[in-house]
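Please read the following note with the sequence and the model open side by side. The points are numbered so that each may be checked in turn.

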Amino acid sequence: MAKHIQSLERAAAMLRLLAGGERRLGLSDIASALGLAKATAHGILRTLQHEGFVEQDPDSGRYQLGAELLRLGTTYLDVHELRARALVWTDDLARSGGEAVYLGVVHQHGVLIVHHVFRPDDSRQVLEVGAMQPMHSTALGKVLTALDPVAHAELVDAKREPFTAATVTELPDIEKVLEATRAQGYATDLEETWEGVASVAAPILDRHRLPVGAVGITGAVERVCRDGELRPELVAAVRDTARSVSRDLGAKPF
């Protein structure tokens with residue numbers, strides 16, 4: 001059985017202590033409550049403070065939870081609300097489109113798949129929730145990069161791997177693709193990430209009209225394309241789904 005890391009257990013206990021009871025606690029209070037030496041408690045608090053998980057009041061010297069924990073918690077809630085709001089719509093999209101549907105969010109220089117609806121047939125499929133997709137080549141990534149300044153900055157600095165002969169990797173060319181994505185309101189991936197696979201994705205916006213995720217359909221080129229382009233009815237269905245989820249999240253009609 002793997003051993004737990006004591007310093008991390010102590011840090012977690014410290015955060016739980018600060019989350020309950022009094023709003024702010026002094027070093028002596030924290031050390032006493034957790035049965036730690038002051039020097040040990042102070043070292044952990046300084047590390048948590050450096051990472052933004054704990055803040056120290058300059059006047060009293062007491063400690064409280066930091067803004068970084070709020071940001072992480074908000075992200076957790078946002079992703080789960082996004083997924084909850086999208087469940088019915090993505091099921092309907094997979095059923096009407098006959099292909100797999102993916103819901104993705106920006107995460108660590110890529111797209112994190114937070115929901116995956118299987119293609120509605122009897123074929124063997126692998127659940128891809130938790131998988132990461134690249135920003136520069138996938139339809140989900142292009143949509144998010146086109147509308148999210150943080151994602152765009154990460155794309156500029158990232159290594160852009162050529163997955164197939166169709167992958168666009170040069171920044172000036174990618175910028176043209178992102179400009180077109182913003183203009184038309186959706187993005188496509190025609191064998192740019194996986195040979196024989198195509199996809200289309202549209203952005204999901206929150207009540208502030210900020211991108212919180214993207215939804216897309218992915219399938220074999222021969223099924224989802226016609227004359228070398230994504231079938232227009234699939235594009236329309238994906239965009240309608242994105243608008244429906246956005247509306248449920250509080251976005252005004254667009």
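1. Is E191 buried, partly exposed or exposed? With a relative accessible area of 32%, E191 is partly exposed. Here buried means under 20% relative accessible area, exposed over 50%, and partly exposed in between, with a 1.4 Å probe and protein chains only. E191 lies in the loop between β6 (187-190) and β7, and has a positive phi of about 60 degrees although it is not a glycine. Helices (H or I, at least four residues) and strands (E, at least two) are DSSP runs, numbered from the N terminus.

2. Basis of the note. This is a predicted model, in which local features need pLDDT of at least 70 and side-chain atom pairs count only at pLDDT 80 or more, while totals for chains, interfaces and linings use all residues. Residues are numbered from 1 along each chain as its sequence is written, and side-chain values use heavy atoms, with hydrogens and water left out.

3. A further positive phi. D227, a residue other than glycine, has a phi near 55 degrees. D227 is found in the loop between β9 (225-226) and β10 (229-230), and counts as exposed at 78% relative accessibility.

4. Domains. The domain assignment gives domain 1 (6-74) and domain 2 (76-249); such bounds come from an automatic or database assignment. The C-alpha centres of domain 1 and domain 2 lie 39 Å apart.

5. Nonpolar cores. A nonpolar core is a set of buried Ala, Val, Leu, Ile, Met, Phe, Trp, Tyr and Cys residues joined through side-chain atoms within 4.5 Å. The largest has 26 residues, and I204 and V215 have the most contacts inside it. Two or more residues of this core come from each of α4 (67-97), β3 (100-107), β4 (110-117), β7, β8 and α9 (232-248). Helix α9 gives the largest share, six residues. Apart from this core lies another, of 17 residues, among them M135, A139, L178 and A214. In soluble globular proteins, nonpolar side chains tend to be buried together.

6. On a 1 Å grid over the protein atoms alone, a cavity is a set of points where a 1.4 Å probe fits but cannot get out, a pocket is an open set with protein on both sides within 12 Å along at least five of seven lines, and lining residues have an atom within 4 Å of a point. Grid points are joined across faces, edges and corners, and a volume is the space filled by probe spheres set on the points. There are two cavities of 30 Å³ or more. Of its 13 lining residues, Q133, A139, L140, S199 and T218 are the closest to its centre. At least two lining residues come from each of α5 (139-147), β7 (197-205) and β8 (211-220).

7. Second largest cavity. Its volume is about 30 Å³, and its lining consists of H136, K142, V168, I174, V177, L178 and E192. Helix α7 (residues 171-184) gives the most to this lining, with three residues.

8. Second largest pocket. This pocket holds about 290 Å³ of space. It is lined by 15 residues, of which A100, Y102, R119, E128 and T218 lie nearest its centre. Strands β3 and β8 each give two or more residues to the lining, and the largest share, three residues, comes from β8.
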